[in-house]
Amino acid sequence: MRPIALYWLGMAMAIAAYSPIAGQKIPSGKNSSTKTTPQWSFGSFGEKADGTLNLSQTTLSISTQNTLHCFGEADSYSFAYQKQAFPFDDCSKATITVKIKSFASGTTGIMIRSSISPSAANAHLEVSSTGDLLLMSRKTDGTATSYTRMGNLPFPIEVKLVRQGSVFTGYSKNSDGNWIKGGSVIAEVGTESLVGVYACSGSKSQIGYSEGANGQMQATFENWTYQYQETYIPPEKNWTDKTPIKPGTLLRENFDDGSLSNIPASSHNPVWNGIKLAYLPYAKAGGRYWRKTGDGLYALGDKKWADYETSVEFTFHVGNQLPEEVMIQVRNQQISAYTHLGRYYAVSLRDKNKLFFEKYESGTVTYTQSVTIPNFIDGKKHTLKIRLLDRDFDVVYDNASLIKGTDVKNPITYGSLALKFTNADVDLDNLEVIQINDLVNGSADNYLLDYFDTPLPAYLKKYGY
């Protein structure tokens, strides 16, 4: 295992005051570990955009004009930033905090971008002049910006943006001094990103806008910190899986090769979408497993699987903060680039001792069952199985069938597999997907959405069903 690397950049450093022109490099001081911090760069981007940056020992201020906002498919903004390497995907974690003083108009906050291009992929935690807090993101270069509303706060506002892999999570500090999680988004900003604070002068549609304020907008930041950690362990060299493959195996992942990115993909060496490098430590009994912390949504498998059983072993770590949710999405039909439009069944562990089976359609739960189970956050290994045959479902927890039934209203009859984590700290191992043989029509009835209990008519068989 690589040692955890930890770096801090502080605003309370011996830095001379500057009023640089756009794009100028600004030298920084040194932190307490005597490492030289990266240089600050500054620029204003967008049509007619202009701005200046001022640094003192305790504050950073951006004055900006004609920069409108960071929303839509192109941004207009003033940006004080540093280049930061982020080499190990989900095994790299960055935490940025800052306190923002009140300002007259426009918006400001923390931003992480793939480049200074107005259409660059980015995630930013935005504060408006009225105290509204939004977590915003452009998932890939050139696409539209989406947002999650996190609330409204009084100034000064202290915010935190955490990046792990391609997942960005926003936090705000409440009046008791505790960090409150506001939501997570996905943005593909790459292995070397631009990290810093930004300001936008605003537009006529925003409360507090005036021609005078728009031309003189200034945002002030205090207590800037940057923390970086990594937990990467290289994959095994010349590894071969000697474990026999069970008959009917559609997918198997035991993580023993130390990699989630296996090309070419096979049933026992899949490629995971949405993640390249995961924390895969060594188990005491041999082999490796996946320890997943934080948030994330990762998919794998053939979207045309029909009748199958999914099983996985998991262990939740006992800690002070309970996980919000670990979800397995089965028969996932992701027919759009927008994840909220997908259809799938979901089996979730949440609320410390609740097991849920739910049906999601366009982001809405249209069917749900739940049972109470013993507290699963106990540091012990448990097994979860989800069995799907035609319209029937069966959820088995630690060898006991706890939720079963038949979905007769617009059933989801085929699809892929995905895992979703929210505030998780869990070990996963021995994930398997095994084909279930349907003695009536095989998988054909799943694609026809009919004839589940009767043989196919002859006129359909001649078309290859």
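## The second largest pocket

On a 1 Å grid over the protein atoms alone, a pocket is an open set of points with protein on both sides within 12 Å along at least five of seven lines, whereas a cavity is a set of points where a 1.4 Å probe fits but cannot get out; lining residues have an atom within 4 Å of a point. Grid points are joined across faces, edges and corners, and a volume is the space filled by probe spheres set on the points. This is a predicted model, in which local features need pLDDT of at least 70 and side-chain atom pairs count only at pLDDT 80 or more, while totals for chains, interfaces and linings use all residues. Residues are numbered from 1 along each chain as its sequence is written, and side-chain values use heavy atoms, with hydrogens and water left out.

With that settled, let's look inside. The second largest pocket holds about 820 Å³ of space. Its lining has 36 residues, and Lys93, Gln164, Thr293, Gly294 and Ala424 are the closest to its centre. Among the strands (DSSP E runs of at least two residues, numbered from the N terminus), S9 (92-100), S14 (157-164), S15 (167-173), S16 (179-186), S18 (218-230), S22 (290-300) and S31 (416-435) each give at least two residues to this lining. By class there are 13 nonpolar, 14 polar and nine charged residues; here Ala, Val, Leu, Ile, Met, Phe, Trp, Tyr, Cys and Pro count as nonpolar, Asp, Glu, Lys and Arg as charged, and the others, Gly among them, as polar.

## Cavities

Three cavities of 30 Å³ or more turn up in a search of the whole structure. Strand S31 contributes the most, four residues, while S23, S24 and strand S25 (343-350) each supply at least two.

The second largest cavity comes to about 40 Å³.

## Salt bridges

The whole structure contains 19 salt bridges (a side-chain nitrogen of Lys or Arg within 4 Å of a carboxyl oxygen of Asp or Glu). In one of them, the closest N and O atoms of Asp241 and Arg252 are 2.4 Å apart. Asp241 sits in the loop between S18 and strand S19 (249-253), and Arg252 in strand S19, eleven residues apart. Both Asp241 and Arg252 are buried, meaning under 20% relative accessible area with a 1.4 Å probe and protein chains only (exposed is over 50%, partly exposed in between).

Asp307 and Arg331 form another salt bridge, at 3.2 Å from N to O. Because Asp307 is in the loop between S22 and strand S23 (308-316) and Arg331 in strand S24 (residues 325-333), the pair ties together parts 24 residues apart in sequence. Asp307 and Arg331 are both buried. A network of salt bridges also links Asp75, Arg113 and Arg138.

Ser416 belongs to strand S31 and counts as buried at 3% relative accessibility. Leaving aside residues up to four places away in sequence, its contacts (heavy atoms within 4.5 Å) include Asp302, Tyr308, Gln329 and Arg331.

Strands S29 (residues 392-397) and S30 run antiparallel and are joined by six bridges; two strands pair if DSSP finds at least two bridges between them. Val395 has Ile403 in S30 as its bridge partner. The hairpin has two residues between the strands, and Asp398 takes a positive phi near 50° there.
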